[in-house]
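Please open the model in a viewer and keep the selection tool at hand.

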Amino acid sequence: MPFWSKTESKLKMVVLFPKGTPNQVWYSPIKHNSKPDETIIHSMVQRLSKKIKGYTKIQIYDVANNSLKYIYE
């Protein structure tokens, strides 16, 4: 089983940066699908903190129905 998947992960994290810096998309680990959203988001942000430094906004989407669940600014 893959670590993450565009279709099987529970959450998608879209990290938006200032103009001139490409945005980043990260998917939650599949093995964490049974955990609460807040737990998954916290662990993703901690794990990726150095890679997402300087972000302007983080958007969290539910992968199953592609709906926006949370916005962090």
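Begin by selecting Lys 12 together with Tyr 61: in this predicted model, Tyr 61 of strand 3 is the bridge partner of Lys 12. Next, select helix 1, which packs on the sheet and touches strand 1, strand 2, strand 3 and strand 4. The direction of helix 1 makes about 45° with that of strand 1.

The open sheet is formed by 4 strands in the order 2-1-3-4, with antiparallel pairing. Strand 2 and strand 4 are the edge strands, each pairing on one side only. From one strand to the next, the twist averages 20°.

Select strand 1 and strand 3, which pair in the antiparallel sense over 6 bridges. Within strand 3, Gln 59 stands opposite Val 14. Gln 59 also stands opposite Ile 71 in strand 4.

Is strand 3 enclosed or open to the outside? Of its 6 residues, 5 are buried, so strand 3 is largely enclosed by the rest of the structure.

**The helix**

Return to helix 1 by selecting residues 37-48. Its 12 residues reach 16 Å from the first C-alpha to the last, close to the 16 Å expected at 1.5 Å a residue. Which residues of helix 1 are buried? They are Asp 37, Ile 40, Ile 41, Met 44 and Leu 48. Turn the view to look down the axis of helix 1: the buried residues fall within an arc of 95°, so they line one face of the helix. The buried residues of helix 1 pack against strand 1 (11-16), strand 2 (24-27), strand 3 (57-62) and strand 4 (67-72).

Select Met 44 and show its surroundings. Leaving aside residues up to four places away in sequence, Met 44 touches Met 13, Trp 26, Tyr 27 and Ser 28.

**The core**

Finally, select the largest nonpolar core, a set of 11 residues: Leu 11, Met 13, Val 15, Phe 17, Ile 40, Ile 41, Met 44, Leu 48, Ile 52, Ile 58 and Ile 60. At least two residues of this core come from each of strand 1, helix 1 and strand 3. Helix 1 gives the most, with 4 residues. In soluble globular proteins, nonpolar side chains tend to be buried together.

Conventions. Residues are numbered from 1 along each chain as its sequence is written. This is a predicted model: local features need pLDDT of at least 70, side-chain atom pairs count only at pLDDT 80 or more; totals for chains, interfaces and linings use all residues. Side-chain values use heavy atoms; hydrogens and water are left out. The expected span of a helix is 1.5 Å times one less than its number of residues. Buried means under 20% relative accessible area, exposed over 50%, partly exposed in between (1.4 Å probe, protein chains only). The arc is that of the directions from the helix axis to the C-beta atoms. Contact means heavy atoms within 4.5 Å. A nonpolar core is a set of buried Ala, Val, Leu, Ile, Met, Phe, Trp, Tyr and Cys residues joined through side-chain atoms within 4.5 Å. Two strands pair if DSSP finds at least two bridges between them. Axes are lines fitted to C-alpha atoms, for helices over the stretch in contact, and angles run from 0 to 180 degrees between N-to-C directions.
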